[in-house]
Amino acid sequence: MRLVPPAGTTGTATAALRAQVREFLAEQLAAGTFTPAVDAWLCGWDENFTRLLAQRGWLGMTVPEHYGGHGRSFDERFIVTEELLAAGAPVAAHWIADRQIVPSLLKYGTEEQKHEFLPRIVRGECFFGIGMSEPDSGSDLASVRTRAMRLDGGWSVSGTKVWTSGAHRAHAFIVLARTEPVDPAHRHAGLSQFIVDLRAPGVDVRPIISMNGGHHFNEVILDDVFIPDAMVFGRIGEGWTQVTSELSFERSGPERFLSTFPVLTDAVEHLAVQGIARDAELGRLVARVTGLHHMSTAVADALQRGEAPDVPAAVVKVLGTTVEGDIADFADLRTGDDIATGDSWRDLLAHAVDQRSGFTLRGGTNEVLRGVIARGLGMR
Amino acid sequence: MRAIGMPPGAPSGVDSDLIDMIESVFADYRHAHNRADSGPGSACDRALWQRLDTLGLVRLTGAEEFGGSGASWRESSELLAAAVRHGVRLPLAEHDLLACWLLEATGQPVDSSIRAVHIVPRAGRPGGPTPWAGVADRLVVLWWTGTQYRLADADVAALTITPGTNLIGEPRDTVQADTSQWTGQPVAPELVTELKRKAALLRSIQVCAALDGAVAMSVAHATSRTQFGRPLGKFQAIQNLVADAAAEAALARAATEVALSTALESGWTSEYLGFQIAVSRSCAGHAASVVTRNAHQVHGAIGTTHEHRLHELTRAALTWRSENGSVHFWDKRISAVAAAAGPAQLWALITATP
């Protein structure tokens, strides 16, 4: 019984790519293009930075060349994103499109949809959101109530989506909706996905302000929004299968253990004067991040092989999002008003502590993911 | 130093016939000797050792020209894991991976004696107990002369050995060696470093095997035991306990697999190897806390008895995680290495990419 594919060393080919990204990041830091931040894949919306990445070929890396992409491997994309997150770089603008819309489009999109969206995603000109959660459907996605009604030449979609990161800036999102009434015996049947233009008539994007005043989440109300047949995503009735195939991409990536890495980096520097450098807890956290880097790499390899590693992805996310929070708490426990620290440290830490509550919720709560792991162990 | 035909970073690739053969030897043995180890004397059954020897398993990684089987640490990891799963206590690792390897590496002859390694503590420093000294025929003794390490392949009769055991009954003996009259062979400092790395990593391998076994046992128990009209595994609270244990064990395994791959691909010389072994010890050590707690919680009172075999895995994991340095020791070492790397190189350290 193995929950996670075997982990191995990554070889020298990847070292060159890592070096390129690090050189780029060092240049940008020196130029003051960005300040390392916590959760920068969710909160760090910087379209200029996104375009800089696009110029270097680091967006839509896995998109084949005939769709305007770079034909790189999923492993190579993993390396680039890992480097960007470790540096706390602002990658939120393109994050969703690059992470899960690209593989979903490649797998389920029509030729027209691929030609429409992929080249623009690769150029850093088209940003996406996620339209899964609803006010009454958090972890229980099969209970979505957004309805799509058949019309001549398309569909009419009505309902409310929540927690749609960046919907106030993005161009489109993929909406999960019911196209058949709920069949209690087959709850996962009758669901379908639609590509929805966030500026279309009948779409109302309303901010959901986070407890620290930040705005990245939104509520998106769809009131009789017309979706032409050309924007049906995948097959009608196959929504559940399509959504769950996205989840392995969403759950196993480096953003599930590196969201607070800039805190860990700064802790090594800022807290050294207090003897924290010899703190065993720091060692424990560095060890866990290292182990998660190995494990997440192994899952990326499985994705590259075309497997559907939903269980190992759940393992990465449960462990990784916990350690992200542990890092925030580690730093917070050692920072009081008796300690002279700079404003940048306090800002970083405050953001980490505020964001922490979301780590183990977004992308599937850890409680739901433990159920996924239990299923993988044959207990459900 | 890589096993033939194995791409870098690939899973173990160990021949499945070998794995099956190892499994059946230990399973047969436990079928015939179905008692949990209960103290000194139960460890290192010479008859079993002889059987393993005839199968070529006690010198698994030895060079074939010296009577070994020419296998790698990957095969040896499978051997150690099988012994752990079946609760069979033998000095397989200490004999093959440490003592006989060291003799071979320094050009010494190797015979069929059972061996372990003893490092003489430097003057004024406390020495820990020596694994398996009391049951070995010979000890490969290393001592510091003040200018270099030297090594001798000593008959145990030439040493003063006070028996002791660890929590699970494995010999952990106090050895007194008067090396003042010995000449011995000089040992390069790199070999001593390699010895210490190997000794540390083999405990990670053993802990991982024990944790995987405890998780598997917990799953089996939770799916077969019924309470309140349902199998235990149908309760979310139980699922959570087992899922967390399984996740911790998987993290320990990932860290240990990477440390082993780095070791084998670099011939134990990678500049990142010391850090990666420390990481494997930290992850495995902390995983042992969670897996032990959760596995016993899932098993209920029956798991706390001598009769039930869960303790053969959980107590072993807790024992081995504290040998060759406590978990705290390894955590502090990682912390120090991270601090020495500094904020600019922390990520390079983690990814083993300069």
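Into which domains is chain B divided? In this predicted model, chain B comprises domain 1 (16-187) and domain 2 (190-351), with bounds taken from an automatic or database domain assignment. Residues are numbered from 1 along each chain as its sequence is written, and chains are lettered from A and ligands numbered from 1 in the order in which they are written. Because the model is predicted, local features need pLDDT of at least 70 and side-chain atom pairs count only at pLDDT 80 or more, whereas totals for chains, interfaces and linings use all residues.

The C-alpha centres of the two domains of chain B are 23 Å apart. Contacts (C-beta atoms, placed from the backbone, within 7 Å) link 21 residues of domain 1 of chain B with 19 residues of domain 2 of chain B. On the domain 1 side, the elements giving two or more residues are α3 (73-85) and α4 (92-105) of chain B; helices are DSSP runs of H or I with at least four residues, numbered from the N terminus. The largest share, six residues, comes from α3(B). This side of domain 1 has 16 nonpolar residues (Ala, Val, Leu, Ile, Met, Phe, Trp, Tyr, Cys and Pro), four polar and one charged (Asp, Glu, Lys and Arg), the others, Gly among them, counting as polar.

Between the chains, 45 residues of chain A are in contact with 46 residues of chain B. At least two residues of the chain A side are supplied by each of α1 (13-30), α8 (261-270), α9 (280-304), α10 (310-333) and α12 (366-376) of chain A. Of these helices, α9(A) provides the largest share, 14 residues. By class, the chain A side has 24 nonpolar, 12 polar and nine charged residues.

Terms used
Contact = placed C-beta atoms within 7 Å.
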